Amino acid sequence: MVISQGPLYCWFSYSPLEMDMPAEDKLLISMVFHGLPVIVGLIISLIAYSLAIKKLQEISQEFLDESKITIYRVLWYPGVLFLTFVPNVTMIIYVIYSEPPIWMTALHLYLPHSIGFSNALLYGIQTKLYRTNYEDKENTSTEIDDDQSRLLEYQLSLRDRDSLNESLKEAFSC
Amino acid sequence: MLRFAEIPGENFLWWLDLLATTLSFFGSLWMIIHCMRAPSPKSLTLKLIAAIGWADFLYSVSNLLSNFEIEDTLEVVESFDLCELEAILRQVSYVLSIFFSTCVAIASYFSACPRRKFNKTLFFSVSILIGLVIAFAYIKIM
């Protein structure tokens, strides 16, 4: 690989029309710079959210309904990560071997480049997150989010007085 | 930066890119402002969302830089200073945006099990540190 011309991004092109380099090398570069972060991020996110859903499923549906906790809402996060970055990686791999159709180029440009907007929509939907910080002074002082404190209250309600103290100590230790 | 030679509908793509980048720019700015306006101490999720906002903001800036770049796509870029800045901004912000989104996922798991010991301050500090290490590693191999 020639790096003498400056940073890779300043001279590297995935298109076969613009640069004479073996397709395997281009694929390797595209995977290191674009594919790897997306794949690793998606796998970890899916595992973490699946475990979170599993934990939440252990809690009674009645409590979840009362607290307005929607279990599968968390799937929006890896969903947006997938929708935003996977077309980008797909397009880069596609362009190494062939000329992409215009709709694919449009998707490649629009979805990853509007990441700030997608994230603002996604994380902005969590209005209660902001409400927690603006209004709920007690919770902010202990850094316990709404969902977490409601779950903790539920767990505490199931235990006797001795373990209640123990749980409180543990919850407030961080 | 991915360059295309003789793409049909290039003008449409340029406007589409500009639209997406502008939306992203203001969206990320909105995230940062909302997180900064929240009174201290801020929750872990809010801190991580602010980090995502900063990464997305830098990504939008690098996209804006490439949108207004005047050059022949088939020639080697002459101004390496601007190109280096854009390249570093783009790669670092791309990786960090994904990284902090993953950190939110991990934090969500811990939020779902309140009885598990979880030091949020340490988690945030370690996340920032790992994020910086990954960013520097990418700059190094570029």
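Along its sequence, chain B follows the pattern α-α-α-α; the chain has four helices and zero strands, where helices (H or I, at least four residues) and strands (E, at least two) are DSSP runs numbered from the N terminus. The structure is a predicted model, in which local features need pLDDT of at least 70 and side-chain atom pairs count only at pLDDT 80 or more, while totals for chains, interfaces and linings use all residues. Residues are numbered from 1 along each chain as its sequence is written, and chains are lettered from A and ligands numbered from 1 in the order in which they are written.

Chain A has ten helices and zero strands, and its pattern read along the sequence is α-α-α-α-α-α-α-α-α-α. Of the 174 residues of chain A, 30% count as buried; in chain B, 43% of the 142 residues do. A residue is buried if 20 or more other C-beta atoms lie within 10 Å of its own, exposed if 12 or fewer, and partly exposed in between, with C-beta atoms placed from the backbone. Contacts are pairs of residues whose C-beta atoms, placed from the backbone, lie within 7 Å. Among the contacts in chain A with a separation of 6 or more, 60% are accounted for by residues 24 or more positions apart. In chain B, 77% of the contacts between residues at least 6 apart in sequence join residues at least 24 apart.

The largest nonpolar core contains 50 residues, of which B:Leu48, B:Ile49 and B:Phe100 touch the most other members. Such a core is a set of buried Ala, Val, Leu, Ile, Met, Phe, Trp, Tyr and Cys residues joined through C-beta atoms within 7 Å. At least two residues of this core are supplied by each of α2 (23–57), α4 (76–97) and α6 (115–124) of chain A and by each of α1, α2 (44–67) and α3 (80–112) of chain B. The most is given by α3(B), with 14 residues. B:Phe100 has its place in helix α3 of chain B and is buried, with 25 other C-beta atoms within 10 Å. Leaving aside neighbours within four places in sequence, B:Phe100 is in contact with B:Leu48, B:Ala51, B:Ile52, B:Ala55 and B:Gly131.

Two packed helices are described by the angle between their axes and the distance between the axes. Axes are lines fitted to C-alpha atoms, for helices over the stretch in contact, and angles run from 0 to 180 degrees between N-to-C directions. Between the chains, helix α5 (residues 102–113) of chain A packs with helix α1 (residues 10–37) of chain B at an angle of about 15°, their axes being 8 Å apart. This angle makes α5(A) roughly parallel to α1(B); angles under 35 degrees count as roughly parallel, over 145 as roughly antiparallel, 65 to 115 as roughly perpendicular and the rest as oblique. The crossing of the pair α5(A) and α1(B) is right-handed; a crossing is left-handed if the near helix is turned anticlockwise from the far one by less than a right angle, and right-handed if clockwise. In the contact, α5(A) contributes A:Thr105, A:Ala106, A:Leu109, A:Tyr110 and A:His113, and α1(B) contributes B:Leu13, B:Leu16, B:Asp17, B:Ala20, B:Thr21 and B:Ser24. By class, the contact of α5(A) with α1(B) comprises six nonpolar, four polar and one charged residues. Ala, Val, Leu, Ile, Met, Phe, Trp, Tyr, Cys and Pro count as nonpolar, Asp, Glu, Lys and Arg as charged, and the others, Gly among them, as polar.

Within chain A, α4(A) and α5(A) pack at an angle of about 140°, with axes 8 Å apart, which makes α4(A) oblique to α5(A). The crossing of α4(A) with α5(A) is left-handed. Residues of α4(A) in this contact include A:Leu83, A:Phe85 and A:Met91, which meet residues of α5(A) including A:Met104, A:Leu107 and A:Leu111. The contact of α4(A) with α5(A) has nine nonpolar, four polar and no charged residues.

The axes of α4(A) and α6(A) come within 11 Å and cross at roughly 170°, so α4(A) is roughly antiparallel to α6(A). A:Trp76, A:Tyr77, A:Val80 and A:Thr84 of α4(A) make the contact with A:Ile115, A:Ser118 and A:Leu122 of α6(A). These residues divide into five nonpolar, two polar and no charged. Eight of the ten residues of α6(A) are buried, so this helix is largely enclosed by the rest of the structure. Among the buried residues of α6(A) are A:Ile115, A:Phe117, A:Leu122 and A:Tyr123.

Definitions and conventions: Contact = placed C-beta atoms within 7 Å.
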